[in-house]
Amino acid sequence: MKVVEQIKEPIRTEMELFEKKFHESMSSKVALLNRITYYIVNRKGKQMRPMFVFLVAKMVSGGKVNDRTYRGASVIELIHTATLVHDDVVDDSNRRRGFFSLNALWKNKIAVLVGDYLLSKGLLLSIDNEDFDLLKIISVAVREMSEGELLQIEKARRLDITEEVYYEIIRQKTATLIAACCSLGACSVKPDSEEVAQMRKFGELIGMAFQIKDDLFDYTDGPIGKPTGIDIKEQKMTLPLIYALNTANKKEKKWLINSVKKYNKDKQRVKEVIAYVKDHGGLEYAEQKMIIFQQQALEILATFPTSVYKDSLELMVNYVIERKK
């Protein structure tokens, strides 16, 4: 059995019902919108985010979920999908998970409007059901994701990024949404409990490990759906490169910064940068940091009683850093 299927096993029934509810939550009176949302639903990814919501909810409540849990999972997926649609427009990307992106098929204007529509659908789903505590968790995540993206753009212009700033960028850009999934799961079944903050921290740690793993893919050849060296081409400062810069002598540092600033489209130069980072321990350093975040997440899980849901979350934490794409 594939790892993802194994993780899903204790929440299979919930995930099937969730898919139905999620599809319903997207429906509209506009035929074009329905055609586009149908396209989105049929090209879904692994659905890790709703899985986090259900597994956490069941772990902290002793196996129970309720309507709020389903709404929380739907809101997260609506908001996540909205951000992906907008990301593809911002990045001028024509592919998403091996399929054409919305902006490639329906142009930027429609893609932006669809992203806005999904965002508002998510917010209204919470407001209509007076899930204001869940809405707050999600709104904080959306604000932080936008700040993280803008911070990364600002730093890419000057390339003056420290390891601390890098952690802040990935915490906001990636980890905050997984943190929201986990705190939503806990909050849906045990509002105002200490588990909500505990699970938020747990999700944040997994998100940090997840993003470092993603950054490592930029230095490896493999079936990962993103070409090697793409971060360097986009002038994104990731942990392996930051470490290499911090340990380089003056001459090498100048060459590295110059390569990323002026020669980031030169394939040969990008290859040389990748080789330099590999030879100077950048990958090992990033891997060590990723494992620290993973271990801290497992320590939080260890405080909960044994259950199939806890086992699945442990699998998920390990899968995040062992995945091949």
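Modeller: Ring pairs join Phe18, Phe22, Phe54 and Tyr70 into a cluster. The model is a predicted one, and the count of aromatic pairs in it comes to seven. One of the pairs is formed by tryptophan 255 and tyrosine 276, with 6.2 Å from centre to centre and 55° between the planes, a tilted arrangement. Tryptophan 255 belongs to helix H12 (residues 250-262) and tyrosine 276 to helix H13, so the pair ties together parts that are 21 residues apart in sequence. The two partners may also be described by their accessibility. Tyrosine 276 has a relative accessible area of 9% and is therefore buried, the limit being under 20%. Tryptophan 255, at 27% relative accessibility, counts as partly exposed.

Tyr276 also takes part in a helix contact: Pro240, Leu241 and Ala244 of H11 meet Val273, Tyr276 and Val277 of H13. The residues of this contact comprise six nonpolar, no polar and no charged. As for geometry, helix H11 (residues 239-247) and helix H13 (residues 267-279) pack at an angle of about 75°, and their axes are 9 Å apart. Because angles of 65 to 115 degrees count as roughly perpendicular, H11 and H13 are roughly perpendicular to each other.

Helix H9 (residues 194-217) contains 24 residues and reaches 36 Å from its first C-alpha to its last, close to the 34 Å expected at 1.5 Å a residue. H9 is mostly covered, with 17 of its 24 residues buried.

Notes:
Residues are numbered from 1 along each chain as its sequence is written. This is a predicted model: local features need pLDDT of at least 70, side-chain atom pairs count only at pLDDT 80 or more; totals for chains, interfaces and linings use all residues. Side-chain values use heavy atoms; hydrogens and water are left out. Helices (H or I, at least four residues) and strands (E, at least two) are DSSP runs, numbered from the N terminus. The expected span of a helix is 1.5 Å times one less than its number of residues. Buried means under 20% relative accessible area, exposed over 50%, partly exposed in between (1.4 Å probe, protein chains only). Axes are lines fitted to C-alpha atoms, for helices over the stretch in contact, and angles run from 0 to 180 degrees between N-to-C directions. Angles under 35 degrees count as roughly parallel, over 145 as roughly antiparallel, 65 to 115 as roughly perpendicular and the rest as oblique. Contact means heavy atoms within 4.5 Å. Ala, Val, Leu, Ile, Met, Phe, Trp, Tyr, Cys and Pro count as nonpolar, Asp, Glu, Lys and Arg as charged, and the others, Gly among them, as polar. Rings of Phe, Tyr and Trp (its six-membered ring) pair if their centres lie within 6.5 Å; planes under 30 degrees apart count as stacked, over 60 as edge-to-face and the rest as tilted.
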